[in-house]
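Hi,

Here is the structure I promised to pass on. Have a look at it first, and my notes follow below.

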Amino acid sequence: QVQLVESGGGLVQPGGSLRLSCAASGSYFSMSTMGWYRQAPGKQRELVARIGSGGTTSYADSVKGRFTISRDNAKNTVYLQMNSLKPEDTAVYYCNLHRVFNARDYWGQGTQVTVSS
């Protein structure tokens, strides 16, 4: 019913930028909360940014001012613009769709982001 496909990951130098995209299938995208999570080796998965159905955004303190989450409901796509990247941002980034009405979560396969000189 719901499938999420992330893209845009790769290798970037410190201070560089990257834009992640997550394309969602299904009929409830516009009614869902979308989020980006990341997980580094040996670390727990953490919430990076979230955007509600009404456009309200929130960010982890570690990325505030550097990352921007946005959504295009017409394209069923959520984006994560990442600027001023740091080596600490290196992780697998996952797209999450939270369907509010039944509290169901869906996850993408993840995309690797590596920040290194």
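**Salt bridges**

Glu46 is partly exposed, with a relative accessible area of 32%. Bear in mind that this is a predicted model. Glu46 pairs with Arg38 in a salt bridge, and their closest N and O atoms sit 2.8 Å apart. Arg38, on the other hand, is buried, at a relative accessible area of 6%.

Arg38 has another partner as well: Asp89 makes a salt bridge with Arg38, with 3.0 Å between the closest N and O atoms. Asp89 comes from the loop between S8 and S9 while Arg38 belongs to strand S4, so this pair ties together parts that are 51 residues apart in sequence. Both Asp89 and Arg38 are buried. Through shared partners, salt bridges join Arg38, Glu46, Arg66 and Asp89 into one network.

How many salt bridges are there in the whole structure? The search finds 4. One of them links the side chains of Asp61 and Lys64, at 3.0 Å from N to O. Asp61 counts as exposed, with 66% relative accessibility.

**The disulfide**

The count here is 1 disulfide. Cys22 and Cys95 are the two partners, with an S to S distance of 2.1 Å. Cys22 is part of strand S3 (residues 18–24) and Cys95 is part of strand S9 (residues 91–99), so the bond ties together parts that are 73 residues apart in sequence. The torsion about the S-S bond of Cys22 and Cys95 is about -85°, so you are looking at a left-handed disulfide. Cys22 and Cys95 are both buried.

**The core**

The largest nonpolar core has 28 residues, and those touching the most other members are Leu4, Trp36, Leu80, Met82 and Tyr93. Two or more residues each come from S3, S4, strand S5 (46–51), strand S7 (67–72), strand S8 (77–82), S9 and strand S11 (111–115).

Which residues is Met82 in contact with, leaving aside its neighbours within four places in sequence? They are Gly16, Ser17, Leu18, Leu20, Arg66, Phe67, Tyr93 and Val113. Arg66 also turns up in the salt-bridge network with Arg38, Glu46 and Asp89.

**On the surface**

Finally, Tyr28, Met31 and Phe101 make a nonpolar surface patch of about 340 Å². You will find Met31 in the loop between S3 and strand S4 (32–39).

Cheers

Definitions and conventions:
Residues are numbered from 1 along each chain as its sequence is written. This is a predicted model: local features need pLDDT of at least 70, side-chain atom pairs count only at pLDDT 80 or more; totals for chains, interfaces and linings use all residues. Side-chain values use heavy atoms; hydrogens and water are left out. A disulfide is a pair of cysteine sulfur atoms within 2.5 Å. Helices (H or I, at least four residues) and strands (E, at least two) are DSSP runs, numbered from the N terminus. Buried means under 20% relative accessible area, exposed over 50%, partly exposed in between (1.4 Å probe, protein chains only). Patches are made of residues with over 30% relative accessible area and no salt bridge: like charges are joined within 9 Å, nonpolar side chains (Val, Leu, Ile, Met, Phe, Trp, Tyr) within 5 Å. Accessible areas come from the Shrake-Rupley method with a 1.4 Å probe; for residues, only the protein chains shown count as cover. A nonpolar core is a set of buried Ala, Val, Leu, Ile, Met, Phe, Trp, Tyr and Cys residues joined through side-chain atoms within 4.5 Å. Contact means heavy atoms within 4.5 Å.
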